Amino acid sequence: MSEKYRYEEFTWPEIREAVAQNRVCVLPVGTVEQHGPHLPLVTDVLTATEMSRAAVQQIPEEAVLMPSVYYAFNEHHLDFPGTIAVEGNTFINYITDIGKSLAHHGFRKILLVNGHGSNVPFLDIAARNITNHSEAVCAMVPWWSLVPKALLNELRESEFPGGMAHGCELETSVLLHLCGHLVQMDKAEKDMPVQKSEFFYWDLQAPSPVFFQEFFSRYSRTGTSGDPTKATAEKGRRFVEAVVERLIRVIRELRAREIEPRVDHH
Ligand SMILES: [Zn+2]
């Protein structure tokens with residue numbers, strides 16, 4: 001029992017035992033959408049799932065890996081074939097219901113591991129919904145926010161801002177490492193927004209001061225935003241190992257975190 005970590009493989013008595021162990025439920029959330037001419041539609045599911053799996057696998061007594069959520073919010077990508085878009089409120093409610101079910105069974109710590117930039121505001125709300133309306137606490141982490149700054153400084157070759165946004169140097173490197181057979185590097189093309197701005201841009205290393213997302217086809221010819229030609233599998237390995245190491249620490253800290261009693265000051 002102790003080495004089992006995939007939620008869907010548990011029996012119900014084993015789930016009851018996992019609750020008693022105060023395990024953290026780790027839910028990878030991606031999206032199915034175009035990622036330029038060189039990366040597969042499943043990119044954001046793969047990154048979130050593989051990093052989560054690698055982390056939970058190393059600490060199976062402390063966490064449970066949930067089946068991944070594939071479909072999410074990405075209406076701004078619909079001009080490119082393949083994108084499956086879920087309306088924002090549907091997506092929030094769906095994630096909230098998963099978390100509430102886990103809380104109902106007794107789990108008290110839930111971590112959403114996010115693989116898609118535009119999921120951030122929706123998952124933030126879903127995590128708050130779960131925390132506010134159940135006995136559990138729920139947190140959300142986009143995997144790229146766990147890439148150490150020093151490692152980006154060392155490895156990044158594309159310009160900031162803009163070189164690491166979508167199907168970019170970062171994502172393509174990670175895909176090359178995780179499943180290189182799905183990457184068509186001969187089709188990878190640098191594609192940067194024509195309009196330069198101090199306040200309106202997209203980059204995974206740091207968000208722009210102004211939050212703003214318009215239809216992708218208005219500023220990207222290829223469906224890429226950034227410079228995937230700078231991607232390598234070796235960079236991907238370094239990024240993934242660093243993220244997984246820190247993800248384990250996030251899971252452990254969330255598990256150890258006390259849920260303090262609320263105080264009603266009426
Ligand atoms: Zn992506």
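## The parallel sheet

Four strands, written 4 strands in the count, form an open sheet in the order β2-β1-β3-β4 with parallel pairing, where two strands pair if DSSP finds at least two bridges between them and strands (E, at least two residues) and helices (H or I, at least four residues) are DSSP runs numbered from the N terminus. Because β2 (63-65) and β4 (137-142) each have a single partner strand, they stand at the edges, and one side of each is left without a neighbour in the sheet. From one strand to the next the twist averages 25°.

This is a predicted model, in which local features need pLDDT of at least 70 and side-chain atom pairs count only at pLDDT 80 or more, while totals for chains, interfaces and linings use all residues. Residues are numbered from 1 along each chain as its sequence is written, and side-chain values use heavy atoms, with hydrogens and water left out.

Strand β1 (residues 24-29) pairs with β2 in the parallel sense over 3 bridges, and C25 has V64 in β2 as its bridge partner. Helix α4 (residues 120-132) packs on the sheet and touches β1, β3 (109-114) and β4, its direction making about 165° with that of β4; contact here means heavy atoms within 4.5 Å, and axes are lines fitted to C-alpha atoms, for helices over the stretch in contact, with angles from 0 to 180 degrees between N-to-C directions.

## The zinc site

H35 (NE2), D44 (OD) and E171 (OE) coordinate the zinc ion at 1.8 to 2.1 Å, and along the chain these donors follow the spacing H-x8-D-x126-E. Donors are N, O and S atoms within 2.8 Å of the metal (3.2 Å for Na, K and Ca), and sites may look incomplete because water is not among the atoms.

H35 is buried, with a relative accessible area of 0%, and D44 is buried at 1%; buried means under 20% relative accessible area, exposed over 50% and partly exposed in between, with a 1.4 Å probe and protein chains only.

## Aromatic contacts

The structure holds 8 aromatic pairs, counted for rings of Phe, Tyr and Trp (its six-membered ring) with centres within 6.5 Å, where planes under 30 degrees apart count as stacked, over 60 as edge-to-face and the rest as tilted. The rings of W202 and Y219 are stacked, because their centres lie 4.2 Å apart and their planes at 10°. Both residues lie in the loop between α6 (169-179) and β6 (225-226), 17 residues apart, and both W202 and Y219 are buried. Together with F200, F212 and F216, W202 and Y219 form one aromatic cluster.
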